[in-house]
Amino acid sequence: MKRRELAVAGAFVFDPDVHSDPRGNFASPYQESTFAAAVGRPLFPVAQASRNVSRRGVVRGLHYTLAPPGTAKYVFCAGGRALDMVVDLRVGSPTFGRWEAVELTAGNGRAVYLPPGAGHAFAALEDDTVMCYLLSAEYRREDDLTLSVLDEDLALPLPGGQPPALSERDAAAPTLAEAAARGLLPDYAPVPAPYAVR
């Protein structure tokens, strides 16, 4: 498995070896030794595993939780194809406001780790795109915040051709500047804090 730190401090993409034969393919989206070498510790205790299925053109996000404590995420695509976006929303981070997009597919087995406080969005590039999440804390609606993926200052690389299909909540989300003015952004901890436990 290969690893690479993204433009967002503390976020990584992991590329497993994919073994193909006439039956299909096999990959391991998570390997503890590679993850621990990158992040400095094994994967957080998994408090929740989630998945969603989206049609082509759906954009989910930009979602985040306040840090501390925040929620760490490990994300991969189990079906279809998605453009996964990680945005640094942590006030005081050396990479605040930066983002990176990575294509995740069922075929490449690639996974993305997001530290607490990083924002996450993805665009489904095919019908029946299945995204899977391992989370360090159980979902609580009151802790889940959203920013506009259409924020022109962020200029996220949303697919063209048609307006993105957004939830009502995501469509009404504030911009990064509006969230900052309202004190709704997470704080950056230069030394990684323990994974959130609720």
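Tyr74 has Tyr113 as its bridge partner in β10, where strands are DSSP runs of E covering at least two residues, helices are runs of H or I covering at least four residues, and both are numbered from the N terminus. The model is a predicted one, in which local features require pLDDT of at least 70 and side-chain atom pairs are counted only at pLDDT 80 or more, while totals for chains, interfaces and linings use all residues. Residues are numbered from 1 along each chain as its sequence is written, and side-chain values rest on heavy atoms, with hydrogens and water left out.

The pair Tyr74 and Tyr113 belongs to the antiparallel pairing of β7 (residues 73–79) with β10, which extends over four bridges; two strands are taken to pair if DSSP finds at least two bridges between them. Tyr113 of β10 is also the bridge partner of Phe12, and strand β2 (residues 12–15) pairs with β10 in the antiparallel sense over three bridges. Strand β10 (residues 111–114) is covered on both faces, with Ala111 and Tyr113 buried on one side and Val112 and Leu114 buried on the other, buried meaning under 20% relative accessible area with a 1.4 Å probe and protein chains only.

These strands are part of an open, antiparallel sheet of six strands in the order β1-β2-β10-β7-β12-β5. Because β1 (2–5) and β5 stand at the edges with a single partner strand each, one side of each is left without a neighbour in the sheet. Neighbouring strands are turned by 20° against each other on average, direction ignored.

The largest pocket has a volume of about 500 Å³ and is lined by 26 residues, of which His63, Lys73, Tyr133, Tyr139 and Asp144 lie nearest its centre. On a 1 Å grid over the protein atoms alone, a pocket is an open set of points with protein on both sides within 12 Å along at least five of seven lines, a cavity is a set where a 1.4 Å probe fits but cannot get out, and lining residues have an atom within 4 Å of a point. Volumes are the space filled by probe spheres set on the points, which are joined across faces, edges and corners. Two or more lining residues of the pocket come from each of β5 (48–54), β6, β11, β12 (129–135) and α2 (168–171), and β6 gives the most, with five.

The search of the whole structure finds one cavity of 30 Å³ or more. The largest cavity has a volume of about 40 Å³, and its lining is formed by Tyr64, Thr65, Thr71, Lys73, Leu114, Pro115, Gly117 and Ala118.

Technical notes: Buried < 20%, exposed > 50% of the residue type's maximum accessible area, 1.4 Å probe, protein only. Axes fitted to C-alpha atoms, helices over the stretch in contact; angles between N-to-C directions.
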